[in-house]
Amino acid sequence: MGETAISSEVDANGFTIVHVFEASREEVWAEWTTPESFADWFGGTASEVPVSTMTMDVRPGGAWAATMYAGPARHEIQWEGEYLELLEPTLLVLTLTDQPGEDPWPPITVVLDRSGRRTNGDALPSARWDVAGAVRARRRGLGHVL
Amino acid sequence: MLTNVPVDELSTTFAALADPTRREILGRLAEGEATVNQLAAPFPITVQAVSRHLKVLEHAGLITRGRTAQLRPSRLEGEPLKDAVDWLQRYRPFWEDSFARLDQRLHDKTGARTTDG
């Protein structure tokens, strides 16, 4: 492999991870919005999410939930959240929390654009988790795409 | 780890930050202190509504307000926001690990599609 550009940046309001994938935006979008796919990569290799625990209502205001077994001790974590904005295959804004019933955490903004420089890959998703500036980040992301 | 995060301490901060108007107000205050009227100017809402937002922000400790009876300029307080950002950043490795796995998945798919390499 070794063809992946990754940057991970902390700023005053949160952090942004930029990752070039060898895939189309549509393929990356499907990874975020298909239960079988999301359950496999969410949390990385150290965690397991059984597909049977995964629910997704992929539309604005729709909920998602998953049960994760994290680490060697397989500590059980209940995840839940809400989709706030969807603009296939470009923009996905969602919330998540592992404290169901508590106040929601700040939303994560996922922007899929085509500024990646690989010959095969044209997706450069940046995932931004921003405490205070989610709205501004969203505008910036869209402005970059349009 | 993902457990034992001090969400209780932060829930007031997050609830205050959940509103887009309040986030915009904080953005304005990041440039310097301002009165209610100055803060209300860019919004299509009443000064009273902005006052209510300021009360929420003040309660969360995100801003302080001057004691001058008439103007009471609001000032951004960085510490609660910094605590919230510090907490959020504990999840950065989680997402980096997730994307590494996503990368692997997509790579495997591409490999399967173009077996000639």
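Good morning. With 23 C-beta neighbours inside 10 Å, His19 of chain A counts as buried, because the threshold for that class is 20 or more. I begin with this residue and then widen the view to the two chains of the complex. Please keep in mind throughout that this is a predicted model.

His19(A) belongs to strand β2 of chain A, which covers residues 14–19. Where does the chain bring His19(A) in relation to Ser7(A)? The two residues are 12 apart in sequence, and their C-alpha atoms are 6.6 Å apart in space.

Let us now consider chain A as a whole. Its secondary structure comes to 3 helices and 9 strands. Starting at the N terminus, the order of elements is β-β-α-α-β-β-β-β-β-β-β-α. Chain A has 146 residues, and 41% of them are buried. If we take the contacts in chain A with a separation of 6 or more, 38% are between residues 24 or more positions apart.

Which of its residues form the covered face, and which the uncovered one? The covered face consists of Trp64(A), Ala66(A), Met68(A) and Ala70(A). The uncovered face consists of Ala63(A), Ala65(A), Thr67(A) and Tyr69(A). The general principle is that side chains in a regular strand alternate between the two faces of the sheet.

Strand β5(A) has several pairing partners, which I shall take in turn. With strand β3 of chain A, residues 47–48, the pairing is antiparallel and has 2 bridges. Here Glu48(A) has Tyr69(A) of β5(A) as its bridge partner.

Strand β4 of chain A, residues 55–56, also runs antiparallel to β5(A) and is joined to it by 2 bridges. In this pairing, Thr55(A) is bridged to Ala65(A) of β5(A). The strands β4(A) and β5(A) form a hairpin with 6 residues between them. In its turn, Gly61(A) has a positive phi of about 90 degrees.

Strand β6 of chain A, residues 75–87, pairs with β5(A) in the antiparallel sense as well, over 8 bridges. One example is Thr67(A), whose bridge partner in β6(A) is Gln78(A). These two strands again form a hairpin, with 4 residues between them, and Gly71(A) takes a positive phi near 70 degrees.

How many of its 6 residues are buried? The count is 6 of 6, so by the threshold of 20 or more neighbours each one qualifies. On one side lie Ile108(A), Val110(A) and Leu112(A), and on the other Thr109(A), Val111(A) and Asp113(A); both faces are covered. Whereas β8(A) is covered on both faces, β5(A) has one covered face and one uncovered face. Strand β7 of chain A, residues 91–94, pairs with β8(A) in the antiparallel sense over 4 bridges. Within that pairing, Val93(A) is bridged to Thr109(A).

Let us move to chain B. It has 6 helices and 2 strands, arranged along the sequence as α-α-α-α-β-β-α-α. Of its 117 residues, 26% count as buried. Among contacts in chain B between residues at least 6 apart in sequence, 51% join residues at least 24 apart.

Two packed helices are described by the angle between their axes and the distance between the axes. In chain B, the axes of helix α2, residues 20–29, and helix α4, residues 47–59, come within 10 Å and cross at roughly 75 degrees. The helix α2(B) is therefore roughly perpendicular to α4(B). Which residues meet there? From α2(B) come Thr21(B), Arg22(B) and Ile25(B), and from α4(B) come His53(B), Val56(B) and Leu57(B). By class, this contact has 3 nonpolar, 2 polar and 1 charged residues.

Finally, a word on confidence. For chain A the mean pLDDT is 78, with 72% of residues at 70 or more. Over residues 133–146 of chain A, pLDDT stays under 50, and the model has 22 contacts beyond four places in sequence for this stretch. For chain B the mean is 81, and 85% of residues reach 70 or more. Residues 1–6 of chain B have a pLDDT below 50. For the complex, the predictor gives an ipTM of 0.81 and a pTM of 0.71.

Thank you for your attention.

Notes:
Residues numbered from 1 in each chain as written. Chains lettered and ligands numbered in written order. Predicted model: local features only at pLDDT ≥ 70, side-chain atom pairs only at ≥ 80, totals over all residues. pLDDT = per-residue confidence, 0-100. Contact = placed C-beta atoms within 7 Å. Axes fitted to C-alpha atoms, helices over the stretch in contact; angles between N-to-C directions. Parallel < 35°, antiparallel > 145°, perpendicular 65-115°, else oblique. Nonpolar A, V, L, I, M, F, W, Y, C, P; charged D, E, K, R; others polar. Buried ≥ 20, exposed ≤ 12 C-beta atoms within 10 Å, placed from the backbone. Pairing = 2+ DSSP bridges.
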